[in-house]
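Me: Please take a close look at one part of this chain and its surroundings. Keep it brisk, and spell out the cut-offs as you go.

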Amino acid sequence: TKNFFLFTTGFIAIFVGIVGGVVDIIQPQNVIDTAEHLGYPLYFFTLLGVFKILGAIGLFLPKKYDRLKDVVYAGFAIDFIFASFSHFSVNDDLIKVIIPLVMLGILTISYKLKDR
C-alpha cells in the first residue's frame with residue numbers, strides 16, 4: 001500500500017506538479033496554443049504553474065500538515081476538473097476530456113492511501 005501511495009503521489013507530483021508547472025511557467029508554443037484555443041490568458045498559466053510546483057511540494061509534507069495537504073489535493077482536483085471541462089466546452093477530442101479525469105482518479109487513489 002505504501003509503495004502504491006508513493007507511486008501515485010510521485011506520478012502527480014513529478015508529471016503534473018513539477019514538469020507541468022515548469023512548462024506552464026516557461027510557456028512553450030504548445031501552452032500558448034492551448035491557452036488561445038481554450039480562451040485563457042497566458043498569465044493564468046503562469047500562476048497555475050507556480051501553484052502546481054507548490055502543490056507538488058505540498059503532497060509530501062509531513063502528517064502534521066494534513067490540513068494543508070488536503071488543500072493541495074483539492075487544488076489538484078479542481079485543476080483536473082476544470083481542465084476536463086475546458087476541453088469539453090471547446091469540443092476537443094474525447095481523449096483531451098478524459099486524460100484530466102484519469103489524473104483525477106490517480107489523485108484520488110493517492111488521497112485515499114495517504115493515511116495508511
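Reply: S110 lies in helix α5. Helices here are DSSP runs of H or I with at least four residues, strands are runs of E with at least two, and both are numbered from the N terminus. The model is predicted, so local features need pLDDT of at least 70 and side-chain atom pairs pLDDT 80 or more, while totals for chains, interfaces and linings use all residues. Residues are numbered from 1 along each chain as its sequence is written, and side-chain values use heavy atoms, without hydrogens or water.

S110 is buried, with a relative accessible area of 1%. Buried means under 20% relative accessible area, exposed means over 50%, and partly exposed is in between (1.4 Å probe, protein chains only). What does S110 contact, leaving aside neighbours within four places in sequence? The partners are F5, T8, T9 and Y73. Contact means heavy atoms within 4.5 Å.

T108 is also in helix α5. T108 is partly exposed, at 39% relative accessible area.

L104 is another residue of α5. Not counting residues up to four places away in sequence, L104 touches A77, F80 and I81. From L104 to A13 the C-alpha distance is 13 Å, across 91 residues of sequence.

Next, the charged pairs. D115 and K63 meet in a salt bridge, 3.3 Å from N to O. D115 lies in the segment after α5 (94–113) and K63 in the loop between α3 and α4, so the pair ties together parts that are 52 residues apart in sequence. A salt bridge is a side-chain nitrogen of Lys or Arg within 4 Å of a carboxyl oxygen of Asp or Glu. By this rule the count comes to 6. K63 also bridges to D66, with the closest N and O atoms 2.9 Å apart. K63 is exposed, at 56% relative accessibility, whereas D66 is buried, at 15%. K114 pairs with D115 as well; the closest N and O atoms there are 3.6 Å apart. K114 counts as buried, at 13%. K63, D66, D70, K114 and D115 are linked in a network of salt bridges.

N91 is exposed, at 70% relative accessibility. Its phi is near 60°, a positive value in a residue other than glycine. Most residues other than glycine have a negative phi. Q27 also has a positive phi, near 55°. Q27 belongs to the loop between α1 and α2. Q27 is buried, at 17% relative accessible area.

Helix α2 comes next. In α2 (residues 29–38), the buried residues are V31, A35 and L38. Seen down the axis of α2, they fall within an arc of 75°, so they line one face of the helix. The arc is that of the directions from the helix axis to the C-beta atoms. Exposed residues Q29 and E36 are on the face turned away from the buried side of α2. The buried residues of α2 pack against α1 (2–26), α3 (42–58) and α4 (66–89). Just after α2, G39 takes a positive phi of about 85°.

The largest pocket has a volume of about 1,100 Å³. Of its 36 lining residues, the closest to the centre are D24, L48, K52, D79 and A83. A pocket is an open set of points on a 1 Å grid over the protein atoms alone, where a 1.4 Å probe fits and protein lies on both sides within 12 Å along at least five of seven lines; lining residues have an atom within 4 Å of a point. Points are joined across faces, edges and corners, and the volume is the space filled by probe spheres set on them. α1, α2, α3, α4 and α5 each supply at least two residues of the lining. α4 gives the most, with 11 residues.

Last, the record. An unreviewed UniProt entry places "transmembrane region" at residues 5–26, 38–59, 71–88 and 94–113. Those positions use the numbering here, feature names are shortened, and annotations may be inferred rather than shown by experiment. In the model, residues 5–26 are 100% helix and 0% strand, with end C-alpha atoms 30 Å apart. Residues 38–59 are 82% helix and 0% strand, and their end C-alpha atoms lie 28 Å apart.
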